[in-house]
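Subject: Model handover and notes

Hello,

Please find the structure below, followed by notes on what turned up in it.

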Amino acid sequence: MNEPVIDLASIRAVVFDIDGVVTDTARVHAASWKHVFDAFLRGRCDPFDIRDDYLRHVDGRPRLDGVRTFLAARGLTAPEGGPEDEPGAPTVHGLGLAKDQIFLAQVDKYGVAAFPATVALLHELRHRGARTAAVSASLHGRRLVAAAGVAHLFDLVVDGGDAALMNLPGKPDPALFLEAARRLALPAGQAAVVDAALPGVQAGGKGGFGLVVAVTRDGPGDAAALAGHGAHVVVPDLGELGVRGRVLPLRA
């Protein structure tokens with residue numbers, strides 16, 4: 001593993017995943033999914049594992065893809081239904097709508113917190129001339145960044161709304177990260193990706209990003225797996241990630 005530093009001699013921008021890296025909302029997403037899936041699974045198979053099932057099958061994917069992927073992993077299917085379904089209906093859309101309803105209720109009730117170490121890193125990067133972007137498969141990425149009070153620390157946000165409009169696949173496909181780099185007018189090799197889940201780390205590696213940083217907030221157990229799937233740097237918290245140099249202006 002390399003030294004945990006972002007070297008701005010080669011990296012001109014950093015693209016952050018929102019949930020679990022910028023905002024402390026990954027656990028809210030996971031708990032919302034558990035509530036919905038456990039009701040659907042009752043009497044059929046084991047309940048949804050709030051950590052492993054979330055990270056393996058749901059995190060980083062568009063909401064409906066997450067429903068399909070998780071159910072397929074359990075050998076189950078559900079009718080597709082449509083956006084007019086009642087939240088909680090036993091359809092792909094119904095389950096997705098129920099999750100969205102529960103998640104937004106929790107956000108409205110408790111608010112959104114940004115990780116202090118991430119905020120400090122964002123300030124440091126921008127002070128040194130680096131550009132920054134935030135990415136999420138969630139339709140509510142912009143809302144979460146604004147609610148956490150950190151929208152001013154990003155040049156742009158690419159979220160699930162953009163993905164739907166542009167028909168971009170979710171992680172581990174790098175499309176969302178690459179779209180952020182495109183909007184920053186930089187090749188992927190001159191940008192870093194920061195993510196806290198395996199699909200995001202895989203996406204950074206597949207996208208050819210110059211640096212892929214993995215954050216292991218739940219302990220070091222996943223460090224080897226993350227390193228084996230594309231992470232150049234693995235840290236338990238972004239407070240341990242340094243910044244070297246500053247971004248020089250491009251020559252005309």
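Val15 stands opposite Val193 in β5, and its bridge partner in β3 is Ala133.

The model is predicted, so local features need pLDDT of at least 70 and side-chain atom pairs count only at pLDDT 80 or more, while totals for chains, interfaces and linings use all residues. Residues are numbered from 1 along each chain as its sequence is written, and side-chain values use heavy atoms, with hydrogens and water left out.

Sheet

β2 and β5 (residues 191–195) pair in the parallel sense over four bridges, and five bridges join β2 to β3, also in parallel. Two strands pair if DSSP finds at least two bridges between them. These strands belong to an open sheet of six with parallel pairing, in the order β4-β3-β2-β5-β6-β7. At the edges stand β4 and β7 (233–235), each with a single partner strand, so one side of each has no neighbour in the sheet. On average, neighbouring strands are turned by 20° against each other, direction ignored. Axes are lines fitted to C-alpha atoms, for helices over the stretch in contact, and angles run from 0 to 180 degrees between N-to-C directions.

β2 is mostly covered, with five of its five residues buried. Buried means under 20% relative accessible area, exposed over 50%, and partly exposed in between (1.4 Å probe, protein chains only). Ala13, Val15 and Asp17 point one way from β2, and Val14 and Phe16 point the other way.

Helix α8

α8 (residues 175–183) lies across β2, β3 (131–135), β4 and β5, and runs at about 155° to β4. Its buried residues are Ala175, Leu176, Phe177, Glu179, Ala180 and Ala181. They pack against β2, β3, β4, α7 (160–166), β5 and α9 (198–206); contact means heavy atoms within 4.5 Å. After α8 comes Ala185, whose phi is positive, near 60°.

Aromatic pairs and charges

The structure holds six aromatic pairs. Rings of Phe, Tyr and Trp (its six-membered ring) pair if their centres lie within 6.5 Å; planes under 30 degrees apart count as stacked, over 60 as edge-to-face and the rest as tilted. One of the pairs is Phe16 with Phe154, edge-to-face because the ring centres are 6.2 Å apart and the planes at 75°. This pair links distant parts of the chain: Phe16 is in β2 (residues 13–17) and Phe154 in the loop between α6 (141–147) and β4 (156–158), 138 residues apart. Phe16 is buried, at a relative accessible area of 0%, and Phe154 is buried at 7%.

Trp33 and Phe37 form a stacked pair, since their ring centres are 5.1 Å apart and their planes at 15°. The two are four residues apart in α1 (residues 26–41), so about one helical turn separates them. Together with Phe48 and Phe70 they form one aromatic cluster.

A charge sits over a ring if NZ of Lys or CZ of Arg is within 6 Å of the ring centre and within 35 degrees of the ring normal. Arg44 lies over the face of Phe40, at 4.1 Å from the ring centre. The charged end of Lys99 sits over the ring of Phe103, 4.6 Å from its centre.

Ser32, in α1, is buried with a relative accessible area of 2%. Not counting residues up to four places away in sequence, Ser32 touches Lys99, Ile102 and Phe103. Ser32 and Ala98 are 66 residues apart in sequence and 8.6 Å apart in space, C-alpha to C-alpha.

Thr23 is in the loop between β2 and α1 and is buried, at 0% relative accessible area. Its side chain makes a polar contact with the side chain of Thr25 at 2.7 Å. A polar contact is a pair of N or O atoms within 3.5 Å; within protein, one must be able to donate a hydrogen and the other to accept it, and residues adjacent in sequence count only if both atoms are side-chain atoms.

His93, in α4 (residues 92–110), counts as buried at 17% relative accessibility.

Regards
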